[in-house]
Amino acid sequence: MISLTRKTERVCKRISVRDRLLVKEVQEMEQTLPSTCRIHFADPHVLSEFSLTILPDEGYWQGGKFQFSISVPEEYNMTPPEVKCLTKLWHPNIFDGDICLSLLRQNSIDGMGWAPTRRLKDVIWGLNSLFTDLLNFDDPLNIAAAEQYLQNKTDFQMKVKEFVQLYAR
């Protein structure tokens, strides 16, 4: 069981609001994890830093293994987690580790940005959906990938497969 106080060198230290939220949210996240996702805590006592692996079982990126780092800031749940993609891939909404996903933005034009009512499970499901149904070719982060998709879907698919073979195994 995870306790809400840490004893360090005989000093009791109060746990932050973020860490209290994370105790509950991590359990919820683990129970509702999509079948294509795996989470890993390098230190099981630090719930604010973990990695996510997405293994798409359909779509263009099927067969790939995509790694993300997730860091939950002290200001959570007033600010969203910080997420980076660690796997190089050809994707309209992921480029150089950055991810274009509304719910990861503090302020979003579409009104779907971060809100204190969102949870870690929403982030995981949103990231997972980037490999299936949340593709956005109209407002891409990787313009070249989006343009290639719109001009020649076959070439786009071949480049995705090439990146999967080279970087996502």
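Guide: A term to begin with: a charge sits over a ring if NZ of Lys or CZ of Arg is within 6 Å of the ring centre and within 35 degrees of the ring normal. By that rule, the charged end of Lys159 sits over the ring of Trp90, 4.1 Å from its centre.

Visitor: What kind of model is this, and how are residues numbered?
Guide: The model is predicted, so local features need pLDDT of at least 70 and side-chain atom pairs count only at pLDDT 80 or more, while totals for chains, interfaces and linings use all residues. Residues are numbered from 1 along each chain as its sequence is written, and side-chain values use heavy atoms, with hydrogens and water left out.

Visitor: How many helices and strands are there?
Guide: The protein chain has 4 helices and 8 strands. Both are DSSP runs numbered from the N terminus: helices are H or I with at least four residues, and strands are E with at least two. Starting at the N terminus, the order of elements is β-β-α-β-β-β-β-β-β-α-α-α.

Visitor: In what order do the strands of the open sheet come?
Guide: The open sheet has 4 strands in the order E3-E4-E5-E6, with antiparallel pairing. Strands E3 (37–40) and E6 (82–85) are the edge strands, each pairing on one side only. Two strands pair if DSSP finds at least two bridges between them.

Visitor: And how many bridges join E4 and E5?
Guide: Strand E4 (residues 49–54) and strand E5 (residues 66–71) pair in the antiparallel sense over 6 bridges. Leu52 stands opposite Phe68 in E5.

Visitor: Let us turn to aromatic rings. How many aromatic pairs are there?
Guide: The count comes to 12 aromatic pairs. Rings of Phe, Tyr and Trp (its six-membered ring) pair if their centres lie within 6.5 Å; planes under 30 degrees apart count as stacked, over 60 as edge-to-face and the rest as tilted. One of the pairs is Trp61 with Phe156, which is edge-to-face at 6.2 Å centre to centre, with 85° between the planes. This pair links distant parts of the chain: Trp61 is in the loop between E4 and E5, Phe156 is in helix H4 (residues 153–167), and they are 95 residues apart.

Visitor: Are those two buried or exposed?
Guide: Trp61 counts as buried because its relative accessibility is 0%. Phe156 is also buried, at 0%. Here buried means under 20% relative accessible area, exposed over 50%, and partly exposed in between, with a 1.4 Å probe and protein chains only.

Visitor: Which geometry makes Tyr149 and Phe156 an edge-to-face pair?
Guide: Their ring centres are 5.3 Å apart and their planes stand at 80°, so the pair is edge-to-face. Tyr149 counts as buried because its relative accessible area is 16%.

Visitor: Which residues do the ring pairs link into a cluster?
Guide: The cluster consists of Tyr60, Trp61, Phe66, Phe68, Phe131, Tyr149 and Phe156.

Visitor: Now to charges. How many salt bridges are found?
Guide: A search of the whole structure finds 5 salt bridges. The term refers to a side-chain nitrogen of Lys or Arg within 4 Å of a carboxyl oxygen of Asp or Glu. One of them joins Glu28 and Arg119 (3.8 Å, N to O). Glu28 is in helix H1 (residues 17–31), and Arg119 is in the loop between strand E8 (98–99) and helix H2 (120–129), 91 residues apart.

Visitor: Which parts does the pair of Glu28 and Lys121 tie together?
Guide: Glu28 and Lys121 meet in a salt bridge (3.4 Å, N to O). Glu28 lies in helix H1 and Lys121 in helix H2, so the pair ties together parts that are 93 residues apart in sequence. Glu28 is partly exposed, at 23% relative accessibility, and Lys121 is partly exposed as well, at 26%.

Visitor: Where are Asp98 and Lys84?
Guide: Asp98 is in strand E8 and Lys84 in strand E6, 14 residues apart. Their side chains meet in a salt bridge (2.3 Å, N to O). Asp98 is partly exposed, with a relative accessible area of 35%, and Lys84 is partly exposed at 39%.

Visitor: Finally, how much of the chain is buried?
Guide: Of the 169 residues of the protein chain, 44% count as buried.
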